[in-house]
Amino acid sequence: MKPYAGLAVLGVSVALASSLYLGQSQRPYDLISVRFCPETANTGSEQQQSQQSLDQRYCKHEQKLLKEIWEQKQFESATPLSESSFKMKTIPGEKTGIIWFLVAPVASGLAYLAWAKKTEQDENESYQVLEGFKTSIKLTTVSSQSEREFKTLVNNRAWDKQKIANGFISVEAAQDRLNRQTEIQDKQHETSLTEYDVMLAKMKKERAEALRDAAKADKETDKVLGKVALSEQVDESSDSRLKDSLIEGIKNHEDGWLWKIIENQKPIWVLGEAGSGKSTLAASIVMLREKLFDMPLFCLVDAHAGDNLRKSWKHLSPGAVAQSEEEIGQAFDDSRGRWLDR
């Protein structure tokens, strides 16, 4: 039995024993035994017979009561009875053992803590055993896979040597097959690089088109409103006033929930169905953080970046765009690295 388990059993035993002892301590007060034994007034030869008759009638009856009550009644009486008429015997009270009343809950608490510690140790040991078992399975699986691959390679080479030795295939043919396999692998690698370059060029083209459309839209907006370009219209002080006005408006909009999200400057998740406005909301938050706090957009992670660059993300300038599964995974890893650096 483990030490904590033994301590828990000991605590429970002490608690039960103390409770039992406390339950047997029933009388903590003193009693007095009183018998009424009057003396006869007769004298002479009749005295002894008369005294026996009185004792037989009264003195054989014994009464027990609290000593404190007896003394109090005797003290309060105007004409107290003569003590010579009574035969009294004090019966001392038993100790209450009230200290055991404190021992019981303390022992119960220690038993509970010991059992909780034992349970925690058992859980940790079980967890370590499980982790060791999982690690063993992983190592066995990896080792078995490597062993199978190695045996397959050895068998293939052995078969090739047997074929060459028995004249089924020449050394030149075997070398030619190996060269063709290597060439196929090189072509596949080259094709993958070409596809990546094409995708990157396409993304750069889409980004350039999005920036061009955004600039064109800004010019059209300025024409409709009768304004000139921002660089020609306002100076640094007016830009600061516009920023302060924008911040004040966002704070006052619907109790300022949007301002709390923007000011927090922490990553957020935007979830919803297709066409519910996720990209538009995210782009708005990113744009406000960029304009108000100079927080650059390092990377845009969007599986539909091609369409959203011309729509929701057209006013932003991401440093990179992650659209495929591999790029999205790499973008998340880079983001996690930046969080760890901070």
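This is a chat about a predicted model of a protein chain.

Visitor: What's the secondary structure of the protein chain, in helices and strands?

Guide: This is a predicted model, and its protein chain comes to 11 helices and five strands.

Visitor: And how many of the residues count as buried?

Guide: The chain has 342 residues, and 18% of them count as buried. The accessible surface is about 26500 Å², with 56% of that belonging to carbon and sulfur atoms.

Visitor: What about contacts between residues at least 6 apart in sequence: what share join residues at least 24 apart?

Guide: That share is 67%.

Visitor: OK, disulfides. How many does a search of the whole structure find?

Guide: One. Cys 37 and Cys 59 form it, and their sulfur atoms sit 1.8 Å apart. The two cysteines are 22 residues apart and link distant parts of the chain: Cys 37 is in the loop between strand E1 (31-36) and helix H2 (47-59), while Cys 59 belongs to helix H2.

Visitor: Is the link of Cys 37 and Cys 59 right-handed or left-handed?

Guide: Right-handed, with 65 degrees about the S-S bond.

Visitor: Cys 37, buried or exposed?

Guide: Buried, because its relative accessible area is 6%, which is under the 20% cut-off. Cys 59 is buried too, also with a relative accessible area of 6%.

Visitor: Switching to strands. Where is Glu 62 found?

Guide: Glu 62 is in strand E2, which covers residues 62-66. At 38% relative accessibility, Glu 62 counts as partly exposed.

Visitor: And what does Glu 62 touch, leaving out residues up to four places away in sequence?

Guide: Glu 62 touches Ser 33, Val 34 and Arg 35. Take Ser 33: 29 residues separate it from Glu 62 along the chain, yet their C-alpha atoms are separated by 6.6 Å.

Visitor: Where does Ser 33 lie?

Guide: Ser 33 lies in strand E1. Ser 33 counts as buried because its relative accessibility is 3%, under the 20% limit.

Visitor: So what else does Ser 33 touch, with the nearby sequence positions left out?

Guide: Besides Glu 62, Ser 33 touches Gln 63, Lys 87, Met 88, Lys 89 and Ile 91, not counting residues up to four places away in sequence.

Visitor: Let's do electrostatics. How many salt bridges does the structure hold?

Guide: Five. Side chains of opposite charge can pair when their charged atoms come close. One of the five joins Lys 64 and Glu 62, at 3.8 Å from N to O.

Visitor: In that pair, is Lys 64 buried or exposed?

Guide: Lys 64 counts as exposed, at 52% relative accessibility.

Visitor: How accessible are Lys 134 and Glu 131?

Guide: Lys 134 is partly exposed, with a relative accessible area of 37%. Glu 131 is also partly exposed, at 25% relative accessibility.

Visitor: And what about the side chains of Arg 212 and Asp 213?

Guide: Those side chains meet in a salt bridge as well, 3.7 Å from N to O. Arg 212 counts as exposed at 55% relative accessibility, whereas Asp 213 is partly exposed with a relative accessible area of 30%.

Visitor: Pick Leu 292. What does Leu 292 touch?

Guide: Leaving out residues up to four places away in sequence, Leu 292 touches Lys 243, Leu 246, Ile 247, Ile 250 and Trp 259. Among them, Ile 247, Ile 250 and Trp 259 are also members of the core.

Visitor: Last one: which residues make the nonpolar surface patch of about 330 Å²?

Guide: Tyr 4, Leu 7, Leu 10 and Val 14 make that patch. Leu 10 is found in helix H1, residues 3-24. Leu 10 is exposed because its relative accessible area is 52%, over the 50% cut-off.

Note on methods
Residues are numbered from 1 along each chain as its sequence is written. This is a predicted model: local features need pLDDT of at least 70, side-chain atom pairs count only at pLDDT 80 or more; totals for chains, interfaces and linings use all residues. Side-chain values use heavy atoms; hydrogens and water are left out. Patches are made of residues with over 30% relative accessible area and no salt bridge: like charges are joined within 9 Å, nonpolar side chains (Val, Leu, Ile, Met, Phe, Trp, Tyr) within 5 Å. Accessible areas come from the Shrake-Rupley method with a 1.4 Å probe; for residues, only the protein chains shown count as cover. A salt bridge is a side-chain nitrogen of Lys or Arg within 4 Å of a carboxyl oxygen of Asp or Glu. Helices (H or I, at least four residues) and strands (E, at least two) are DSSP runs, numbered from the N terminus. Buried means under 20% relative accessible area, exposed over 50%, partly exposed in between (1.4 Å probe, protein chains only). A disulfide is a pair of cysteine sulfur atoms within 2.5 Å. Contact means heavy atoms within 4.5 Å. A nonpolar core is a set of buried Ala, Val, Leu, Ile, Met, Phe, Trp, Tyr and Cys residues joined through side-chain atoms within 4.5 Å.
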